Amino acid sequence: MREKSHSAEDVAQSVTDRLARFAAYETAFTVSAAARRAGALALRAALYEVGLQPKPGLVDPAHSGSHEDMDFFTFQRSAAAISSFFPRFFAAGELIADDPAFLLAVLRLIGLEAEEAMYEATGHINTHKGLIFSLGLVLGAAGEVSAAQREAFDELDEKTFIKNVLDKTAELGRLTLADFTGRPSEETPGMRAHRDYGLTGIRGEAAAGFPAIKTPLLALCSLPEADLDARRLLEALFEIMSELDDTTLVRRGGIEALAAVKRCARDLLQSGALRQASWRDAVHTVDRQFVARRLSPGGAADCLSVMLFLIWLAREQ
């Protein structure tokens, strides 16, 4: 400022960036018991998703789906590597209230650390980048809502708690839509899908409060834990697939693949095949179709993890 080589805005941004780096660093040392519990639930959600089988085109314990470069154990290594960052996302939300832009800046820094740990564990294979984004936002939002709830000595029912977390997530998600103005050299598959087809992908889903999970979420949140079995979770996955603009599918098969997968999921749900004794055969049929076309609904799988995390966290409030 003294030499007039930087504007006041540049200096303010530099200060904000430094504060965000410090806040992200601080979350590694100020993890509350609530943050540890939330982090454990987030890891559990990630493990449930990859352990669920059979899944169409996705990695599970029995096969690698449409992925030639990874298997079930790749996901296990990745989940173990990123697990320590889940409590930190939640802790950031506890520490930062009513400043979504600053909270998002801190969550991004923690997310970049998590991505680095993931790539180191997997030999630079992208197993959980989408999940780090999705769960990172939801954990941060949940941390803020939980801290406010404790401070006000407030007791919320499960559905109200989930609604509040998704509203906060949407606040953060709307800020991420600015990423679509990034330079071409930084273009991601999601940005290309936005440029070519107007899709906002997981950023748009987060900005809208994850609407694709709301129907199965309401159906499952009141069920006892024993009833969250493979069939019900796969039904939830297909419900998410029928609604989500999954840019993973667009990257692998173009916009036609997204439309085909949505149609396939809707047809399967409407047929009632997932509620028959032979439901596994129906899923295996879809799986063979997806693998033949190298299609993988990875975004839907991430949303399933988000849904499970919210159900379990709400039950602990």
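**A walk through the helices and their contacts**

His67 sits in the loop between α2 and α3 (72-82), where helices are DSSP runs of H or I with at least four residues, numbered from the N terminus. The model is predicted, so that local features need pLDDT of at least 70 and side-chain atom pairs count only at pLDDT 80 or more, while totals for chains, interfaces and linings use all residues. Residues are numbered from 1 along each chain as its sequence is written, and side-chain values use heavy atoms, with hydrogens and water left out.

With a relative accessible area of 14%, His67 is buried, a word that stands for under 20% relative accessible area, whereas exposed stands for over 50% and partly exposed for what lies in between (1.4 Å probe, protein chains only). Apart from neighbours within four places in sequence, His67 is in contact with Gly57, Val59, Arg252 and Ser296, contact being heavy atoms within 4.5 Å.

Helix α11 (residues 230-243) is largely enclosed by the rest of the structure, because 10 of its 14 residues are buried. Among these buried residues are Leu233, Leu234, Phe238 and Ile240, and also Arg231 and Glu235. The elements that cover them include α2 (33-51), α10 (214-220), α12 (247-271), α13 (279-292) and α14 (298-316).

Two of these covering helices, α12 and α13, pack against each other at an angle of about 170 degrees, with their axes 12 Å apart; axes are lines fitted to C-alpha atoms over the stretch in contact, and angles run from 0 to 180 degrees between N-to-C directions. That angle makes α12 roughly antiparallel to α13, the term used for angles over 145 degrees. Val261, Cys264 and Leu268 of α12 meet Ala282, Val286, Gln289 and Phe290 of α13.

The structure also holds three aromatic pairs, which are rings of Phe, Tyr and Trp (its six-membered ring) with centres within 6.5 Å, counted as stacked when the planes are under 30 degrees apart, edge-to-face when over 60 and tilted otherwise. The ring centres of Tyr25 and Phe29 are 5.0 Å apart and their planes stand at 55 degrees, so this pair is tilted. Tyr25 is exposed, with a relative accessible area of 52%, and Phe29 is exposed at 59%. Tyr48 and Trp312 form an edge-to-face pair, at 4.8 Å centre to centre and 80 degrees between the planes. Because Tyr48 lies in helix α2 and Trp312 in helix α14, this pair ties together parts that are 264 residues apart in sequence. Tyr48 is partly exposed at 33%, while Trp312 is buried at 3%.

Technical notes: Helices (H or I, at least four residues) and strands (E, at least two) are DSSP runs, numbered from the N terminus. Angles under 35 degrees count as roughly parallel, over 145 as roughly antiparallel, 65 to 115 as roughly perpendicular and the rest as oblique.
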